[in-house]
Amino acid sequence: MSVKVRVLAMMALCMAMVAQADGWKYKWPVLCPDVLERTHEATTCVPLDANLTVSVACADGARSADWAAGKLKAWFGCAAAVRDVSFAGDLPAGDEAYAMAAKPGALEIRARTAKGVKWALMTLRQLAQPKRGTLTVEGYEVPAFTLKDAPELSFRGLHVCAFPENGIPKIERMIRMAAYYKFNHVVLEQWGTFRSEKYP
């Protein structure tokens, strides 16, 4: 195949991608773990960008806006205006419960504690997808949605064995993935492969 044909094929593919982006439709992903309640509008896009206003409300009075702003910037490159607000509304039972709602220009997070805010942002991380119609990642977006969630188990653990063949990078990746999927404990079994200076 000649270079000219390849270039024309690539241009046609790019044009098709841009055309497809005009008909934006969001397919709700498989969340892990799934949330208790949710609704979403598959055709309403909420860009996670500087035009977004984010409100964070904790029932226990915790201030989480700065932490949330840092995660939005690190994960999505989103320099949104994030502020703490007074809590109002109902949530599922449990101190890690949270609710979240997104509509164009606004994201609202309500939680009983800062832990709930953390789980809300982990859920947002699973919901977000790269903007469509671009050849490189130029930002992220979610559909307009509402959801409520709370962990069903207070102990959500992962057992990791530190065998020599696993290596530190692999173990670190396992621990990071556990956090991503809202585990709250890691049992790291070292099988005599770690020599402690404190307990030789």
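This is a predicted model: local features need pLDDT of at least 70, side-chain atom pairs count only at pLDDT 80 or more; totals for chains, interfaces and linings use all residues.
Visitor: How do the residues lining the second largest pocket divide into nonpolar, polar and charged?
Guide: You get seven nonpolar, three polar and no charged. Ala, Val, Leu, Ile, Met, Phe, Trp, Tyr, Cys and Pro count as nonpolar, Asp, Glu, Lys and Arg as charged, and the others, Gly among them, as polar.

Visitor: What makes something a pocket rather than a cavity?
Guide: On a 1 Å grid over the protein atoms alone, a cavity is a set of points where a 1.4 Å probe fits but cannot get out; a pocket is an open set with protein on both sides within 12 Å along at least five of seven lines, and lining residues have an atom within 4 Å of a point. The second largest pocket has a volume of about 170 Å³, and the largest has about 280 Å³. Of the 16 residues lining the largest one, P33, P151, E152, R156 and Y181 are the closest to its centre.

Visitor: How do you know what space to count as volume?
Guide: Grid points are joined across faces, edges and corners, and the volume is the space filled by probe spheres set on them.

Visitor: Which residues of α2 are called buried?
Guide: A65, A68, L72, W75 and F76. Buried means under 20% relative accessible area, exposed over 50%, and partly exposed in between, with a 1.4 Å probe and protein chains only. L72 comes out at 1%, so it counts as buried.

Visitor: What is L72 in contact with, leaving aside neighbours within four places in sequence?
Guide: V54, G77, C78, V82, L121 and L124, where contact means heavy atoms within 4.5 Å.

Visitor: How does the reach of α2 compare with the expected span?
Guide: Its twelve residues (65–76) reach 16 Å from first C-alpha to last, close to the 16 Å expected. The expected span is 1.5 Å times one less than the number of residues. Helices here are DSSP runs (H or I, at least four residues) and strands are E runs of at least two, numbered from the N terminus.

Visitor: Is K182 buried or exposed?
Guide: K182 is at 6% relative accessibility, so it counts as buried. K182 sits in the loop between α4 and β9 and has a positive phi of about 70 degrees although it is not a glycine.

Visitor: What class does the 24% relative accessible area of V85 give?
Guide: Partly exposed. V85 lies in the loop between β3 and β4.

Terms used: Residues are numbered from 1 along each chain as its sequence is written. Side-chain values use heavy atoms; hydrogens and water are left out.
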